[in-house]
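I opened my notebook to look up a few spots in this protein. My notes follow, entry by entry.

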Amino acid sequence: SCARKSEHQVASRYCCPTRQPFRKRQSYCHCKLAAPLTRLLGLVTRMVPQTTGSLSGVATRHSGTPILQGLRQAGKVRCSSSSSGSLARSGRSLAAAWTSSRAGLLRPCLLPAAASRRSLAAAAVAAPAAAEPAKMFSKEAHGFELVQQQFVREYDSHVLMYKHKKTGAELISVVNSDENKTFGAVFRTPVSDSTGIPHILEHSVLCGSRKYPIKEPFVELMKGSLNTFLNAFTYPDRTCYPVASTNAQDFYNLVDVYLDAVLHPRCVSDKRTFEQEGWHLELDKPSDLLTYKGVVFNEMKGVYSSPDSMFYRVVQQALFPDNSYSHDSGGDPEVIPQLTFEQFQDFHARYYHPSNGRFWFYGDDDATKRLQILDAFLSEFDARPVDSEVETQPLLPEPRTVTAHYAAGEAEEGSDGKAYASLNWVLTQEPLDVETELALGFLDYLLLGTPA
């Protein structure tokens, strides 16, 4: 079963197998994303307006970015190339910067007042404009129109934002000389309960599709592909499907499998896949009692047996009681059996639509061929409105205390038992600008991210 990943804020996620843990300071280990996925984070923050996100995640793993250069020039940052990389919250992918919700930051204590935060952000000065090399890209091709283009000098990359004319789907296409080509599809998937629909769907769509009607194409790709990265993630507000490979033909094959999986999965017409990945009743022999089983159900039983998991779940729900983050997108084992197959089908039909999708390409492959591959799938759909916005959390008028309980071993003699304590804030009701998010992440690291 897969292992749940989480952060010290609302951007927790659930991942499929093959994770490599690191950053033990956090409540759950993050996976090592392929380097291009992390690098994309810095590129996207320069391209995408801050219209829907206030989650932290805009620092890049590169000491030469304009933001860090500006902070250094202002005397606010003193760090070497090796230490500045730690400013980035590990595992934060392109999707974190692009489709994060408007719920506000969740950060630990000891943060400065709003005025001082703004003054810190204002201290960052702009870096000199990058000199863009002359290079022409298609302004219209294969159903896409070019909306914005920018050259990012730090990564020697041309960053292109396209919009699909028929469906409204957005694409970020990063063109450079990196042979490790990456692709990703992201859908915003807010929840209204803790039945774990997006998590179960993340597992299920990779269990066969219209074009690849085999039981587990994901497993076959793991065994036979030349991929350098292959996975899927479920966050509280979005679901991501990234792949990467250095071999062009293998890369295009991975893209084809993943696009067919998310847009035409077999699971929406096969209840057995839903029962296998979600939940079902099982009986080993006639004298036994019926028991609940299922890949996600069993996984989440393990998650909910972890005190750290329970602790951060309570914190998230206490800070965001009025929006999607008050529920567990991964699924609560006590609630998962309430999910019906009809609800499962409806969730896919509602949110897994190109009009609710964001896509990206990165690497040295042909920029126009990317548009051709993606349009072959998107052109089957028509644009439609998708209500997937996550409402902002109103700031609480006064502090409050929340107490919850978790399973623990016997208390030692003479002790009062085991306990966790935390002090938290929702910092803002509206999206933050890039510099303020970076400053808060840097402050968090200084205060709580080192042994000192």
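**Entry: Ser326**

I began by asking: is Ser326 buried or exposed? At 17% relative accessibility, Ser326 counts as buried, because buried means under 20% relative accessible area, exposed over 50%, and partly exposed in between (1.4 Å probe, protein chains only).

I noted the source before going on. This is a predicted model, where local features need pLDDT of at least 70, side-chain atom pairs count only at pLDDT 80 or more, and totals for chains, interfaces and linings use all residues. Residues are numbered from 1 along each chain as its sequence is written, and side-chain values use heavy atoms, with hydrogens and water left out.

Next I placed Ser326 in the loop between H11 and helix H12 (341–351). Helices (H or I, at least four residues) and strands (E, at least two) are DSSP runs, numbered from the N terminus. I then looked up contacts, meaning heavy atoms within 4.5 Å. Leaving aside neighbours within four places in sequence, Ser326 is in contact with Gln317, Phe320 and Pro321. I also checked Pro236, which is 90 residues apart from Ser326 along the chain. Their C-alpha atoms are separated by 9.4 Å.

**Entry: helix H11**

I turned to H11, residues 307–319. This helix has 13 residues and reaches 19 Å from its first C-alpha to its last. That is close to the 18 Å expected at 1.5 Å a residue; the expected span is 1.5 Å times one less than the number of residues. I listed buried residues of H11, among them Met310, Phe311, Val315 and Leu319. Arg313 and Gln316 are also on that buried list.

**Entry: Ser194**

Which residues does Ser194 contact, leaving aside neighbours within four places in sequence? I found His327, Asp328, Gly331, Asp332, Val335 and Ile336. Ser194 lies in the loop between strand E8 (181–188) and helix H6 (197–204). Ser194 is buried, with a relative accessible area of 10%.

**Entry: two positive phi angles**

I read the general rule first. Most residues other than glycine have a negative phi. His142 has a positive phi of about 50° although it is not a glycine. I located His142 in the loop between strand E4 (140–141) and strand E5 (144–152). His142 is partly exposed, at 35% relative accessible area.

Asp156 also is not a glycine, and its phi is positive, about 50°. Asp156 sits in the loop between E5 and strand E6 (157–164). With a relative accessible area of 48%, Asp156 is partly exposed.

**Entry: cores**

I looked for nonpolar cores (sets of buried Ala, Val, Leu, Ile, Met, Phe, Trp, Tyr and Cys residues joined through side-chain atoms within 4.5 Å). How many residues does the largest nonpolar core have? I wrote down 59, with Phe183 and Phe359 having the most contacts inside it. Helix H8 (residues 248–263) gives the largest share of this core, ten residues. Apart from it lies another core of 14 residues, including Val152, Tyr155, Phe233 and Cys240.

**Entry: whole chain**

I ended with totals. The protein chain has 14 helices and 15 strands. Buried residues make up 56% of its 452 residues. Of the contacts with a separation of 6 or more, 75% come from residues 24 or more positions apart.
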